[in-house]
Amino acid sequence: MRNTTGALIIVLFSLAASLQTGCSTVHGDSELAGVVTSGNAPLPGVTITLTSPALAQPRVAGTDAMGAFRFHGLAAGAYQVEFNAAGFHTVFYSVQLGEYPEHLEASLLPMTVEEKQVQQAATTEVAADAEVRAESRFRGFMQSMPGTAAVAPAKMYATPYPGSFQTGNTEEYAAIDETGFLNAAEKPLSTFSIDVDTASYANVRRFIRDGQLPPADAVRIEELINYFSYEYAPPSDGRPFAVHAEVASCPWNESNRLLRIGIQGKRIDSWKMPPSNLVFLLDVSGSMQSPDKLPLVKDAFRLLVDQLRPQDRVAIVVYAGAAGTVLPSTSGADKQRILDAISELEAGGSTAGGEGILLAYETARENFIADGNNRVILATDGDFNVGPSSAGDLEELIVQKRREGVYLTILGFGTGNLKDAKMELLADKGNGNYAYIDNKLEAEKVFVKELGGTLLTIAGDVKIQMDFNPALVEEYRLVGYENRRLADRDFHDDTKDAGELGAGHSVTALYEIKLVRKPTPTGLIATLRLRYKDPGSTTSQLIATPIRDRGQSWYQASDDFRFASAVAQFGMLLRNSDHRGSSDWSTALQTAKTARGADLEGYRRELVAMVEAAAGLQRHDSKQIVRND
């Protein structure tokens with residue numbers, strides 16, 4: 001996968017219209033179609049843009065880990081197709097979408113070193129000139145929108161797009177200190193808060209797509225595992241969720257056991273969901289100009305708007321040097337007005353995120369829906385200044401608003417500025433979730449396929465406490481969840497904040513267990529205790545579930561069990577974990593392949609491709625190390 005080292009890119013795709021529906025699908029998602037290198041390797045990260053007089057707005061898609069891309073719902077007619085890839089010349093094609101598939105082959109030629117230098121110099125010159133133009137655009141834009149309450153700043157700027165870990169990169173990740181094995185006789189209790197964030201998985205995918213292994217602290221193994229859905233039965237006892245457990249041998253240490261616990265939230269049909277009062281808080285600062293930032297933000301929020309009902313309401317607040325309301329709270333029935341406001345957004349300016357949050361929360365309060373879903377949804381690249389308040393004041397504000405019933409969801413976009421640690425922390429403080437959106441397919445996953453879990457909380461302050469039986473368990477370790485650990489006493493403290501569970505969400509956690517003797521003993525190895533609060537309640541409820549090891553072998557385990565273990569191995573290999581045991585890229589890949597199951601959405605197939613790509617990058621890095629030594 002050499003998208004920046006001189007390899008020729010070949011684009012193979014087909015265009016076909018459906019006479020039955022009057023629409024068509026432009027696609028490239030089979031083994032015979034998509035975007036590949038001259039060596040026929042799938043190439044992720046290529047941007048494909050369709051324009052046509054028949055389209056109100058350009059349509060944009062990106063290739064996934066398999067080099068695949070897809071456009072839905074296009075009418076027959078003439079289209080311009082544009083291919084963009086970092087380090088290559090842009091290619092345009094004119095195509096006619098008709099009854100029969102049209103197969104095209106496009107060659108994207110790599111830039112020379114001199115051409116890249118000229119492009120960088122031109123980008124810098126454009127950025128300097130954009131300082132004046134950005135202020136003008138922002139002032140005209142703000143004054144043209146209803147409900148405007150902001151004055152353009154005196155100075156605004158636009159910056160060139162920095163690639164991952166190139167000069168100027170300011171991404172920040174919290175340090176992860178892996179917890180080792182704990183003695184069950186000395187410390188039988190293991191307590192942690194649930195985590196339903198998935199940002200780390202999409203961010204890892206972005207690094208691998210760009211031909212890099214992620215930094216170890218960007219890899220939160222529990223978020224990789226929880227990116228996927230598993231076949232957990234829903235609750236049948238009137239509770240908001242069901243608890244499941246499975247034990248089998250550990251694939252990376254045959255002498256140990258692996259325990260998988262799962263929590264499945266109840267699913268709620270969209271028409272049964274309470275009304276939503278949503279405030280989109282959008283970063284339109286200069287750092288958001290690149291295609292994977294504000295343009296992708298706009299595409300993502302258009303998907304969410306498509307899901308709105310008449311009883312739902314949306315307001316849009318932006319910030320860039322100063323904050324302003326560009327759309328007052330508007331009924332979901334008036335989709336076109338909301339979409340028009342989104343279409344008018346442009347990037348330019350410095351960042352004053354603290355002021356934007358104040359205005360967004362005030363807007364949410366003014367339109368508060370009792371017994372509804374009241375939420376601020378912040379979209380940013382993370383280059384987020386808190387304005388006149390300190391970081392501590394901002395956190396306290398978010399906590400206060402959470403207690404008043406307004407939650408905070410944070411969506412990360414782009415590269416170069418991502419403040420991952422801060423965004424995760426603020427989402428946790430706001431009883432919301434944190435997702436990273438690297439392409440339109442991920443936006444569809446968050447805002448269409450998992451909308452209920454994203455927006456509707458069914459259980460709050462969910463804490464898990466495992467009580468291990470020292471008669472059978474010698475040592476244990478929780479895989480991941482390093483920044484979700486709680487003191488054992490916090491389990492009984494209803495004032496201690498913990499994670500939220502959304503409608504339809506599931507939570508999975510793995511424990512690696514060393515038994516006291518051989519051969520494998522069977523019986524009660526632990527009791528799982530779980531505390532949660534109903535939405536709006538201040539008093540928790542307790543659930544206790546015994547967990548028994550029945551001596552199941554690795555080969556007797558379910559596909560879901562084995563696939564989750566493959567994802568865990570993938571994470572440990574990326575982190576170069578001291579606890580990876582016998583794990584290697586080959587075994588992780590083979591396990592992921594054989595345990596994919598039905599995989600109707602294709603997410604597990606993508607994981608397989610990511611493991612293959614990461615293994616290749618690891619081999620390349622190892623060779624580089626040898627040569628440098």
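**Figure 1. The buried residues of helix H4 in the predicted model.** Leu294, Leu296, Val297, Lys298, Asp299, Ala300, Phe301, Arg302, Leu303, Leu304 and Val305 are the buried residues of H4, where buried means under 20% relative accessible area, exposed over 50% and partly exposed in between, as found with a 1.4 Å probe on protein chains only. Because eleven of the 13 residues of H4 are buried, this helix is largely enclosed by the rest of the structure. Helix H4 spans residues 294-306 and reaches 19 Å from its first C-alpha to its last, close to the 18 Å expected at 1.5 Å a residue, the expected span being 1.5 Å times one less than the number of residues. Helices (H or I, at least four residues) and strands (E, at least two) are DSSP runs numbered from the N terminus. The structure is a predicted model, in which local features need pLDDT of at least 70 and side-chain atom pairs count only at pLDDT 80 or more, whereas totals for chains, interfaces and linings use all residues. Residues are numbered from 1 along each chain as its sequence is written, and side-chain values use heavy atoms, with hydrogens and water left out.

**Figure 2. The crossing of helices H4 and H9.** The axes of H4 and helix H9 (residues 440-449) come within 9 Å and cross at roughly 35°; axes are lines fitted to C-alpha atoms, for helices over the stretch in contact, and angles run from 0 to 180 degrees between N-to-C directions. The crossing of H4 and H9 is right-handed, a crossing being right-handed if the near helix is turned clockwise from the far one by less than a right angle, and left-handed if anticlockwise. On the H4 side, the contact is made by Leu296, Asp299, Ala300, Phe301, Leu303 and Leu304, and on the H9 side by Lys440, Ala443, Glu444, Phe447 and Val448, with contact meaning heavy atoms within 4.5 Å.

**Figure 3. Leu451 and the residues that it touches.** Leu451 has its place in helix H10 (residues 451-455) and is buried, with a relative accessible area of 14%. Not counting residues up to four places away in sequence, Leu451 touches Leu304, Gln307 and Val446. Leu451 and Leu304 are 147 residues apart along the chain, and their C-alpha atoms are separated by 8.3 Å.

Figure 4. Strands E12 and E13 (residues 253-265) pair in the antiparallel sense over ten bridges, and Cys250 has Asn253 of E13 as its bridge partner. Ser255 is found in strand E13 and, at 41% relative accessibility, counts as partly exposed. The C-alpha atoms of Ser255 and Leu515 are separated by 8.4 Å, although the two residues are 260 residues apart along the chain.

**Figure 5. Strands E11 and E20, paired in the antiparallel sense.** Four of the five residues of strand E11 (residues 189-193) are buried, so this strand is largely enclosed by the rest of the structure. Strand E11 pairs with E20 (residues 457-468) over five bridges, and the bridge partner of Ser193 in E20 is Lys463. Asp461 is also found in strand E20; its phi is near 50°, a positive value in a residue other than glycine, and Asp461 is buried, with a relative accessible area of 12%.

**Figure 6. Asp371, a residue with positive phi in a loop.** Asp371 is found in the loop between helix H6 (353-366) and strand E17 (373-380). Its phi is positive, about 60°, although Asp371 is not a glycine. Asp371 is exposed, with a relative accessible area of 77%.

**Figure 7. The buried residues of helix H5.** Ile338, Leu339, Ala341 and Ile342 are buried in helix H5 (residues 335-343). These residues lie on the same side of H5 because they cover an arc of only 160° around the axis, the arc being that of the directions from the helix axis to the C-beta atoms.

How values were computed:
Two strands pair if DSSP finds at least two bridges between them.
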